[in-house]
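Dear colleague,

I am handing over the structure we spoke about, and below it you will find notes on what was found. Please read them with the coordinates open beside you.

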Amino acid sequence: MAYVEVAVNSPFPTFQTFSYLVPQGMDVRPGDVVYVPFGPRILQSVVMEVTEQPSYPEVKAVQGVVWGISLLPHQLALARWLSRFYLAPLFSCLSLMMPPGSQQRPLTYYVALAKEDFPPLTLNQRRLWEFVQARGRVEVRELTRALRMKGTTSIAASLVRKGLLARSLELSRPKGRPRIVTYIVLSTPPPISQVIGPQLEKARRLQGLLDYLKEGGRIPLTEARSRWGVTRRQLAPLIGKGILTLEEVPQPRDPLWRLEVEPSKPPQLTAHQQKAVEAIVGALRSGEHQTFLVHGVTGSGKTEVYLAAIKEALEMGKRALVLVPEISLTPQTVRRFASRFPGQVTIFHSGLTLGEQYDVWQTVRKGERRIVIGTRSALFLPIAHLGLIIMDEEHEWAYKQQDPPPRYHARRVAEELSRITGAVLVLGSATPSIESYHKARQGHYTLLELPHRLRPAENGTVILSPLPEVEVIDMRQELQKGNTSIFSQRLQDAMQAALQAGEQVILFLNRRGSAAALQCQACGQAVVCSGCRVPYTVHQLEERLVCHYCSRTRRIPQSCPTCGNGPLRAIGIGTQRVEEEVKRLFTGVSTLRWDRDVTRHWGDHLRILEAFMRKEAQVLVGTQMLAKGLDLPWVTVTGIVMADIGIHAPDFRSAERGYQVLEQVAGRAGRGPRGGRVIVQTYNPAHPALQALVKHDYNALYLKEISVRQPLLYPPFGELARLTIAHPDQHQAKAQAAALVSRLRRLALSRPIYVLGPIPAYPLRLRGRYRWHVLIKGEEVTSILGRIELSAWWSVDVDPLS
């Protein structure tokens, strides 16, 4: 007899596997998705291993196998590691690797029963029973939404006990499924008169279809309906006589079906590029997993190193995974890779439809594409024979998953995936994370330097190009001169000169909206979100206030909601305000704005980028999306409107992140033959991040950062974990946080581990819940986290971003 250990998609989080019997004749293998009985329900599960003996003496039998879904061995190993390292439920980790939309949730249905001796009911019980009786069959979530009563589930359970309701349990239908297209196929072409008789108009339509089928072989039913107006019912006589047949054909949805690119040839590599490629190719040929950090200034040709390494990997029969931090980077990256490797590239990210994601998963599982480009979720695709993992812009915060768990960092997962599969991992950035650069300096990674910026020459080669000059403007002096504009005089002059020369300008501000807040001039209070207690951001174009934490919106009030009669004034600035100011100062200048407010779909990124590259706009205003490795050769001026946003945040990484964003934005200027300049506006020109930016000196920032972090045991000199309680009762939240701190400090005795807190989170109240943090830092902090049990109010974030 055979048994399996499975991870169950249970209603409550589980970290273990459960034993089940494999029925005689059922073929089950590790990685298969199966149905198993779990309590009163039948639930989805993933087979982790097949054994000869169960872990528990009394076992139930597997009910069935889900066809078409099977995970690879390395995915099972990666899921186990994810669960252990990030303290996440095992099935939650496995669900990352399943086809999108294939998960099936357990559903509870109620049906009203007739009963002669009707027992006395409360008002809510009668209301619920009458609702179910009127509907016939109701799912529990529909009950909750429709009746809006407290304790809906408990009331329904009481009616089941009284014999007035019957309960049944089912699994939801998968949302992700193959797309099936129905084709009309001609079997034996007869004379049309033998088929349809005297109806002349119908005869003409069917004859047109038959004539087409004689030439073309087959046609989708939907196309036949639109061209000749024929329906399935009209075709029934022809199908019954064997003249036509209908075929159900799977038709994968390709997210790149519209992409048209010209094949390109690789350029001559520079000496530094060639040295980097040779090191990576040497590791590929050795068959041992290694990690490289390609540290190259902006515009140094890192992508050509990636392309050359991928070419070698493909020639060795391996496959490649290319990670980018944001959807906005995907279009430009895909074009370069698809032109070098036609027909071998696919993409995967959250901007695709669920159907497209499902089909890309299946395409990759079958090995029909050898190169995958995607965001962090692409790490979990079933890529067999994986030989090379490339993580571009490895420093980006977008590689960190926040919610739901597991709260993983893609760089750490890529390292583990490389170790499990033996693949070579290449990290690339002009501004590496302090942790990655420290590992390279310590010899844990191999450091590959690309110190020179390059630009194409007219003869098809590349030549060295200087980095843009950075000029810091002290906005305090601008105020002393009487300039109250959001643009310094120096930035205005530089923009004017660039626009007159037919060049392009980028303006960066890392805040959306028109203003940071709306403040009462009488009582001084800001208009705050009722759920988060933080100020709303003003979005003047939409005439709305928006909470950037929970997305709650409201109309802009005419007077102060706190005191009732005070006038309101917008304070601070956002990207909308910057765009408005550009149009006011430079009449007739066309602008584009690139922030989350105008990019609801991933195609919006491509639309904005291509419009700017076609010079349909002279000025591009945006948030951090401008810092994503874009190549914009006509940009000669980059203005950083307010550099102080971010670098003064109460976080040990604030200087690092501030420098990274500003250096990346600065790197968009001067990529063409006209060169470029960067103008940085600030109220604190002496800040170390800005001093390093002026000289493009990453190493100076690195040395400053490690000198601060080492005595405090912050990464890379220690590990971090953040535990957060989010509770509707503020007193309970604080009390439970304090109790946890006491328990953790007892566990941390005699270990190099420090427990800090409890600390009120910012914002303290988020989506109606009060939040407190507990921070653990030191060596192997997860060793004590695994020894405590936490209630559902708590969340754990290993290696948090802030």
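Cys93 is buried, with a relative accessible area of 0%, where buried means under 20% relative accessible area, exposed over 50% and partly exposed in between, using a 1.4 Å probe and protein chains only. Cys560, at 3% relative accessibility, also counts as buried. With a disulfide taken as a pair of cysteine sulfur atoms within 2.5 Å, the count comes to 0 disulfides.

Before going further, please note that this is a predicted model, in which local features need pLDDT of at least 70 and side-chain atom pairs count only at pLDDT 80 or more, while totals for chains, interfaces and linings use all residues. Residues are numbered from 1 along each chain as its sequence is written, and side-chain values use heavy atoms, with hydrogens and water left out.

Turning to the sheets, helices (H or I, at least four residues) and strands (E, at least two) are DSSP runs numbered from the N terminus, and two strands pair if DSSP finds at least two bridges between them.

Pro325 is found in the loop between E14 and helix H12 (330-340), and at 5% relative accessibility Pro325 counts as buried. Although Pro325 and Tyr399 are 74 residues apart in sequence, their C-alpha atoms are 5.7 Å apart in space. Neighbours within four places in sequence aside, Pro325 is in contact (heavy atoms within 4.5 Å) with Thr375, Asp392, Glu393, Glu396, Ala398 and Tyr399.

Helices H10 (residues 271-286) and H11 (residues 302-315) pack at an angle of about 30°, with their axes 9 Å apart. That makes H10 roughly parallel to H11, since angles under 35 degrees count as roughly parallel, over 145 as roughly antiparallel, 65 to 115 as roughly perpendicular and the rest as oblique. On the H10 side, the residues that meet H11 include Val277, Ile280 and Leu284, and among those that they meet in H11 are Val305, Ala308 and Ala309.

A further open sheet, of 6 strands, has the order E5-E2-E1-E4-E3-E6 with mixed pairing, and its edge strands, E5 (60-61) and E6 (64-70), each pair on one side only. E2 (residues 18-22) and E5 run parallel and are joined by 2 bridges, Leu21 standing opposite Ala61 in E5.

Finally, strand E33 (residues 719-727) is mostly covered, with 8 of its 9 residues buried. E33 pairs in the antiparallel sense with E35 (residues 769-778) over 9 bridges, where Arg722 has Leu775 as its bridge partner, and E33 also pairs in the antiparallel sense with E36 (residues 794-798), over 5 bridges, where the partner of Ile725 is Trp794.

With best wishes

Key:
Axes fitted to C-alpha atoms, helices over the stretch in contact; angles between N-to-C directions.
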